[in-house]
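This report looks at one protein chain, first as a whole and then in a few selected places. Please keep the sequence and the structure in view while reading.

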Amino acid sequence: MPQLIAPCFPGSRTLLSEENPCSELGSCVTLVRRRGADGRIPVRTLDRGASSSAAAAEPTGYPGGPYDTSLLVKYEHHVARHIWFGEERGPKKELKVAGHGLKLTSRVPLALPPQMESWVSRSGLASLQRTSLNKIDTNLVSAFVERWHLETSSFHMPFGEMSITLDDVACLLHLPIRGIFWSPQDVTEELAVELAVDYLGVSQGQAQSHLGILTRAYLLMLVGSTIFADKTFTLVEARYLLLFRDLDGCSGYSWGAAALVTLYRYLGDASMYSCKQLGGYPTLLQCWIHEYFPTVGKRGENWNPAGNCGLPRAMRWSYRQGVLKVDDLRPILDELTPTDVIWRPFEDHRAWRVFDEICLYRGCLKWGETVVPYLPDRCLRQFGYRQYVPSPPLDCMMVTDIDVDWISYHQSVVDVIGSSSVATTPSEVEDGYLEWYYRVSHPRLVPPHRDAPREVPVPVYDAGPSDPDWARVSTLIRRYLRQVNAEEEDP
């Protein structure tokens with residue numbers, strides 16, 4: 001079981017309740033702090049006998065974190081802040097999430113006409129015909145969305161940050177990740193009508209002899225039901241027809257980046273307390289969870305990775321209805337340790353998807369008008385490197401030429417991995433990483449004592465088994481021991 005210590009930061013004063021587990025680690029001042037109406041810990045006047053220098057160094061923040069609010073600047077509006085105090089989004093704790101898997105099953109034929117099949121294959125989107133889960137576990141997906149922070153484009157777990165990367169998209173969906181970003185022109189209502197008439201405005205009989213038109217309609221349906229699904233759950237933007245104006249040239253887009261940008265955008269929206277819906281491709285998120293977290297959720301498998309024929313890894317998974325609700329999953333995620341994670345799940349898939357170093361590009365990704373930060377330096381353990389304290393996130397509003405940065409990605413890759421080293425254990429982090437992380441993040445959603453929120457202690461993890469099967473066994477044993485209130489010294 002992980003041991004727990006309270007974070008003790010040089011030059012600062014800890015924000016604890018009456019107990020101070022940090023006292024044996026150095027000189028720390030114990031303060032009893034009460035939150036304001038917004039849940040924030042306010043700056044207090046000097047206690048009697050305290051020095052002015054101590055007060056100047058005293059951090060402000062939120063119970064449970066972040067205590068240093070310079071990183072998660074939008075935390076005031078984040079759903080985690082409300083959950084900490086028992087405030088839910090609404091009567092339904094889970095988000096409204098639409099998966100179009102069943103719809104696609106009925107709309108995707110077993111075989112396409114040869115010319116149409118050739119265009120779809122060359123587009124780079126053919127794999128999307130078969131990757132969608134027939135249903136989505138909305139509780140599982142919602143529990144992870146509560147841990148997403150748009151400032152860092154990452155999930156904040158109890159042991160550090162993780163994210164859905166370009167490599168994950170390449171392996172799960174077999175979409176091309178190299179290529180250009182799309183910058184569409186504005187589409188007025190008149191132009192939308194014109195596009196529909198030009199590309200889709202024919203009868204069914206005419207379409208049989210106009211395979212190009214039929215292919216455009218098919219590809220529009222395909223992306224609208226998968227990587228570009230929006231929160232209407234029924235519509236697709238007419239401007240996406242521009243993507244398929246040249247059927248022979250649409251393969252040049254970075255479809256993997258497009259899927260990631262769209263999902264990041266909707267995850268950022270859904271992490272806010274006021275939002276109750278999730279757009280984007282939920283299959284990508286749920287299959288990512290299944291790959292990395294074998295002890296969380298109810299996973300159904302269609303085949304064993306060792307015996308597959310190079311199919312997208314998302315096709316490995318099938319929907320199994322879980323019994324756990326969002327509030328059941330929150331403490332389970334809070335209790336996860338690094339040994340519960342399969343840090344590099346796709347090593348047995350490299351025969352079909354070789355790792356591309358562009359996945360370590362640090363910069364902004366864009367698709368249309370949407371721009372998001374892509375920060376692999378915050379989840380280095382997923383790439384086999386030791387995790388260090390990352391640089392502050394990028395301000396995408398200040399980046400001048402994303403396309404040039406993307407093309408000249410090599411220098412950013414050098415910067416990302418040059419400050420690290422290959423990990424000797426799958427979950428290795430540098431000294432001080434977790435202490436920093438627990439100061440700037442909110443790594444747990446369920447407070448230790450709801451009647452008296454207090455500072456969350458920094459865990460100290462045992463190395464644990466590196467084999468994922470043994471890690472799963474270890475997790476189940478520890479979970480059972482907690483259920484029966486067993487102590488470490490018990491026989």
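**The protein as a whole**

The model is predicted. It holds 16 helices and 11 strands. Of the 491 residues in the protein, 54% are buried. The accessible surface amounts to about 22,000 Å², and carbon and sulfur atoms account for 52% of that area. Contacts can also be sorted by how far apart the partners sit in the sequence. Taking the contacts between residues at least 6 apart, 75% connect residues at least 24 apart.

**Two helices in contact**

Two packed helices are described by the angle between their axes and by the distance between those axes. Helix 6 covers residues 166-173 and helix 11 covers residues 282-292; their axes come within 11 Å and cross at roughly 95°. Helix 6 is therefore roughly perpendicular to helix 11, because angles of 65 to 115 degrees count as roughly perpendicular.

Which residues make the contact? Helix 6 contributes Asp-168, Val-169, Leu-172 and Leu-173, while helix 11 contributes Leu-284, Cys-287, Trp-288, Glu-291 and Tyr-292. Sorted by class, the contact between helix 6 and helix 11 has 7 nonpolar residues, 2 charged residues and no polar ones.

**Two single residues**

Is Arg-350 buried or exposed? Arg-350 has a relative accessible area of 17% and is therefore buried, since buried means under 20%. Ile-407 has a relative accessible area of 66%, so Ile-407 is exposed; the cut-off for exposed is over 50%.

Arg-350 is found in the loop between helix 12 (326-334) and strand 9 (363-367). Its side chain takes part in the two pairings below.

| Side chain | Partner | Distance |
|---|---|---|
| Arg-350 | side chain of Glu-347 (polar contact) | 3.5 Å |

What does Arg-350 contact when its neighbours within four places in sequence are left aside? The residues in contact are then Asp-167, Cys-171 and Phe-355.

Ile-407 is part of helix 13, which comprises residues 402-407. Between the C-alpha atoms of Ile-407 and Tyr-361 there is a separation of 9.9 Å, and these two residues are 46 residues apart along the chain.

Key:
Residues are numbered from 1 along each chain as its sequence is written. This is a predicted model: local features need pLDDT of at least 70, side-chain atom pairs count only at pLDDT 80 or more; totals for chains, interfaces and linings use all residues. Side-chain values use heavy atoms; hydrogens and water are left out. Axes are lines fitted to C-alpha atoms, for helices over the stretch in contact, and angles run from 0 to 180 degrees between N-to-C directions. Helices (H or I, at least four residues) and strands (E, at least two) are DSSP runs, numbered from the N terminus. Angles under 35 degrees count as roughly parallel, over 145 as roughly antiparallel, 65 to 115 as roughly perpendicular and the rest as oblique. Contact means heavy atoms within 4.5 Å. Ala, Val, Leu, Ile, Met, Phe, Trp, Tyr, Cys and Pro count as nonpolar, Asp, Glu, Lys and Arg as charged, and the others, Gly among them, as polar. Buried means under 20% relative accessible area, exposed over 50%, partly exposed in between (1.4 Å probe, protein chains only). Accessible areas come from the Shrake-Rupley method with a 1.4 Å probe; for residues, only the protein chains shown count as cover. A polar contact is a pair of N or O atoms within 3.5 Å; within protein, one must be able to donate a hydrogen and the other to accept it, and residues adjacent in sequence count only if both atoms are side-chain atoms.
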